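Please read it with the sequence and the structure side by side.

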Amino acid sequence: MRQFTPKDNVQKKAYFTDRFRIQPSLPKLEVSSNEAFASQLKSFKAHINPLETYIEAGQWVVWVKPEDNKRALEVMKTIGYENLSEMSAVDFIAQKGGFEVFYQLLSMEHHTRARVKCFIPVGQSLQSVESVYKSANWAEREMYDMFGILLENHPYMKRLLMPDDWQGHPLLKTYPLLGDEAAQWYEIDTLFGKEYREVVGPENRDPARVEVKNTNDFARIRHEVPKGAPYSDTPTEQEYQEENGVPLVSKVVKAQSKTLKERR
């Protein structure tokens, strides 16, 4: 019989006694050890001279200059990497003063994977690769939204996940992670200060919520009122109607109003 081991609070167990433990890097192999990658590297060097190249976790990794990111991906596509499966960045601002941007590529022809990497300092932009891989369109917008990295010549460079007026970029390691209480006051504290919490009120974090008392942004549900009109608990007798998407003159809800008056 196995020895009994208490499992109380097993999820709170610390697997490492050193809280600052750094996982060791995977071994890096020479590209010449793989015939397929060696042939691809030869074709790649005919157009761009890489800063560093090696094999890690069975994938070919290529480091290039940030100004060569688009040209490098164009060359990789001609080699046979027709699929950009993922792209993003890693915040190394505290350690190196910038971001590590990577492009994860897949070749269905050669059955291999490759990763193109480049390092950019804080404030430097990159060339958009949307014209090379269409899948980079939203991925680049997400990278801008989460890290604040601008992509030049992107067809529609705006936030993807956060509101347009959101302050900050949530995947930065300096972004505050203080729970829901801090999150609902984050923009108020950032823009105006904590002394304005009672003046402005907490942030509406539910985009589907409709506040019926807010007649500046929302009308009464199924009952139209003028913009900015004082809120009243008494329902109006006018119902908003449309025909083929074109608003019509509001009509009096005769049947309901008559029934209510008779009951009174």
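1. A residue is called buried when its relative accessible area is under 20%, exposed when it is over 50%, and partly exposed in between, using a 1.4 Å probe and the protein chains only. By that definition, aspartate 164 is exposed, with a relative accessible area of 55%, and of the 264 residues of the protein, 32% count as buried.

2. Some caution about the origin of the values is in order. This is a predicted model, in which local features need a pLDDT of at least 70 and side-chain atom pairs count only at pLDDT 80 or more, while totals for chains, interfaces and linings use all residues. Residues are numbered from 1 along each chain as its sequence is written, and side-chain values use heavy atoms, with hydrogens and water left out.

3. The secondary structure of the protein comes to 8 helices and 11 strands, where helices (H or I, at least four residues) and strands (E, at least two) are DSSP runs numbered from the N terminus. The accessible surface, from the Shrake-Rupley method with a 1.4 Å probe, comes to about 18700 Å², and 52% of this belongs to carbon and sulfur atoms.

4. An open sheet is formed by 5 strands in the order E1-E2-E5-E4-E3, with mixed pairing; two strands are taken to pair if DSSP finds at least two bridges between them. Strand E1 (52-56) and strand E3 (83-92) are the edge strands, each pairing on one side only. Neighbouring strands of this sheet are turned by 20° against each other on average, direction ignored, the axes being lines fitted to C-alpha atoms (for helices over the stretch in contact) and angles running from 0 to 180 degrees between N-to-C directions. Within the sheet, strand E2 (residues 59-63) pairs with strand E5 (residues 112-121) in the parallel sense over 4 bridges, and valine 61 has arginine 115 in E5 as its bridge partner.

5. Two helices deserve a look beside these strands. Helix H2 (residues 69-79) lies across E2, strand E4 (98-107) and E5, and runs at about 175° to E5. Helix H4 (residues 136-147) packs on the sheet and touches E3 and E4, its direction making about 10° with that of E3; contact here means heavy atoms within 4.5 Å.

6. A search of the whole structure finds 6 salt bridges, each defined as a side-chain nitrogen of Lys or Arg within 4 Å of a carboxyl oxygen of Asp or Glu. One of them joins the side chains of arginine 71 and glutamate 74 (3.4 Å, N to O), which both lie in helix H2, 3 residues apart, about one turn of the helix. Arginine 71 is partly exposed at 40%, and glutamate 74 is partly exposed at 28%.

7. In another salt bridge, the closest N and O atoms of arginine 197 and aspartate 189 are 2.7 Å apart; arginine 197 is partly exposed at 24%, as is aspartate 189 at 22%.

8. Where does leucine 172 lie? Leucine 172 lies in the loop between strand E7 (151-152) and helix H5 (180-184), and is buried, with a relative accessible area of 18%. Not counting residues up to four places away in sequence, leucine 172 touches Asp91, Ile93, Phe99, Met146 and Phe147. Leucine 172 and valine 90 are 82 residues apart in sequence, yet 8.5 Å apart in space, C-alpha to C-alpha.
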